[in-house]
Every structure is written in C-alpha cells, then in structure tokens.
Amino acid sequence: MTREEFLERLLGMQKAYERGIAEAKDMRDPDAVLTRSDAARYAHLYMRENLGLPDIPDISEAEILKDLNDCRVCTNHIAQAYLRGIMPGKDMPGAMGRFFLAFDLKAPVEEAEAEMIITRLNDLSKA
C-alpha cells in the first residue's frame, strides 16, 4: 500500500493535504510504501483535524510499546493512534523465547491493516 492509496481511501489526497493531515513530503512522494509510523501520523492528524478530537494528554500507558520513542517526531502520533485503539501494538520476539510489545514503526502497512485503520477511524467519526 502506498501513501497515496491510503490517503485517497481516508479522505482524498488533496483534501488531506489541505486539512494538514498530509505533508509536502507525502505530496512529493505519493508512491512511497506506507509505513506504520506514516499511518499513525495520518490517523492522529485525522482524529485531531478532521474529527476535532483533542489529544489524550497522558500518553504514559503507551510506554508499554518498547519502540515508542524510537522516533521522537512520531511519538505522539503513535501514542494517540495506539491509545484510541486505532492501531494495536505487535508481539515481537525477544531474548530467551520471550515476547515484547512494540509498534514496529518501519513495517509496511498491508491492505487488511489499512482497511482496519480506516474502519476504526470511521467508527470514531460516528460516535
């Protein structure tokens, strides 16, 4: 899935840009593979700019995601998408057969996950 494909399904590429959900880099490179951090950014900004939902001020519950702070610019986007139930964490294999919860920022978003994100955002807009 590309950035453009996701944004077209969510709101429309041009409208997403006009509302501050998409950035100039998204417009310059619409065919880039959509990553989970991209999707979290779009979801968070959509909730804030399009649905008028305020940010959850205390994001400490999202600190269970081991990679939450791997991208300081992305931290709040990821936390807001995670805490509102738009995007879940992933069980990642760790040492000695243990697992830990992470967001997996750089993983590509597949079709089924993109549809789930959009469905959850649409459900929020109906609430």
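This is a predicted model: local features need pLDDT of at least 70, side-chain atom pairs count only at pLDDT 80 or more; totals for chains, interfaces and linings use all residues.
**Notebook: Arg41 and helix H4**

I started with Arg41, which forms a salt bridge with Glu23, the closest N and O atoms being 3.7 Å apart. A salt bridge here is a side-chain nitrogen of Lys or Arg within 4 Å of a carboxyl oxygen of Asp or Glu. Arg41 sits in helix H4 and Glu23 in the loop between helix H2 (13-18) and helix H3 (24-28), so the pair ties together parts 18 residues apart in sequence. Helices are DSSP runs (H or I, at least four residues) numbered from the N terminus. I found 10 salt bridges in the structure.

Residues are numbered from 1 along each chain as its sequence is written, and side-chain values use heavy atoms, leaving out hydrogens and water.

Next I looked at H4 beside helix H5 (residues 75-83): their axes, lines fitted to C-alpha atoms over the stretch in contact with angles from 0 to 180 degrees between N-to-C directions, come within 8 Å and cross at roughly 70 degrees. That makes H4 roughly perpendicular to H5 (angles of 65 to 115 degrees count as such). Which residues of H4 and H5 make the contact? On H4 they are Ala40, Arg41, Ala43, His44, Leu45 and Met47, and on H5 Asn76, His77, Ile78, Gln80 and Ala81, with contact meaning heavy atoms within 4.5 Å.

Technical notes
Helices (H or I, at least four residues) and strands (E, at least two) are DSSP runs, numbered from the N terminus. Angles under 35 degrees count as roughly parallel, over 145 as roughly antiparallel, 65 to 115 as roughly perpendicular and the rest as oblique.
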